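Here are my notes on the model, as numbered points. Have the coordinates open while you read.

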Amino acid sequence: MGKPDLDNRATIEGFVDQFYARVLADPRLAPIFLDVAQIDLDVHLPHIKDYWCKLLLGEQRYRRHTMAIHRRLHARQPLQANDFQRWLALFIATVDAGYAGPRAQRAKRVATAIAGNMQQGLEPG
């Protein structure tokens with residue numbers, strides 16, 4: 001049996017859980033999420049799941065402004081280019097490890113664009 005695609009909410013939710021397990025075990029990213037942002041996983045993960053369901057399935061539950069959220073974080077601790085590169089590497093590795101198909105490929109393209117846009121949007125000037 002082949003790998004599932006990211007084409008329904010349950011699969012996307014499982015992917016987000018796997019991805020955040022990697023992020024929170026990563027020595028570079030975990031302190032940003034846990035110490036600087038001080039995310040509450042019970043609050044944060046449902047938002048992220050809604051966000052990816054919006055991007056991949058067109059669902060409309062997510063209504064937050066992601067750039068503003070990351071600007072506040074960046075003001076507390078400047079995010080570096082290699083932070084975004086590491087986030088993207090973990091994202092792509094998580095997709096490749098467990099998912100395949102058109103939506104999985106789209107998720108990797110969207111994540112690449114998000115990382116680039118976020119990095120550019122947080123640069124001074």
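1. Start with His74: its side chain reaches the backbone oxygen of Leu122 at 3.1 Å, a polar contact (a pair of N or O atoms within 3.5 Å; within protein, one must be able to donate a hydrogen and the other to accept it, and residues adjacent in sequence count only if both atoms are side-chain atoms). His74 sits in helix 4; helices here are DSSP runs of H or I, at least four residues, numbered from the N terminus. Leaving aside residues up to four places away in sequence, His74 touches Leu79 and Leu122, where touching means heavy atoms within 4.5 Å.

2. A caveat on what we're looking at: this is a predicted model, where local features need pLDDT of at least 70 and side-chain atom pairs count only at pLDDT 80 or more, while totals for chains, interfaces and linings use all residues. Residues are numbered from 1 along each chain as its sequence is written, and side-chain values use heavy atoms, with hydrogens and water left out.

3. On to helix 3, residues 41-57. Its 17 residues should span 24 Å at 1.5 Å a residue, and the end C-alpha atoms are 23 Å apart, which agrees; the expected span is 1.5 Å times one less than the number of residues. Just past helix 3, Gly58 has a positive phi of about 80 degrees.

4. Which residues of helix 3 are buried? They are His44, Leu45, Ile48, Lys49, Asp50, Tyr51, Trp52, Cys53 and Leu56, buried being under 20% relative accessible area (1.4 Å probe, protein chains only). Their cover includes helices 1, 2, 4, 5 and 6.

5. Now the pairing of helix 1 with helix 5. Their axes come within 9 Å and cross at roughly 135 degrees; axes are lines fitted to C-alpha atoms over the stretch in contact, with angles from 0 to 180 degrees between N-to-C directions. Helix 1 contributes Phe15, Gln18, Phe19, Arg22 and Val23 to the contact, and helix 5 contributes Trp87, Leu90, Phe91, Ala93, Thr94, Val95 and Ala97.

6. Last, Ala30 in helix 2. Ala30 is buried, because its relative accessible area is 10%. Not counting residues up to four places away in sequence, Ala30 touches Val23, Leu24 and Asp35. The C-alpha atoms of Ala30 and Tyr20 are 9.4 Å apart.

Notes
Helix = DSSP H or I, 4+ residues; strand = E, 2+ residues; numbered from the N terminus. Buried < 20%, exposed > 50% of the residue type's maximum accessible area, 1.4 Å probe, protein only.
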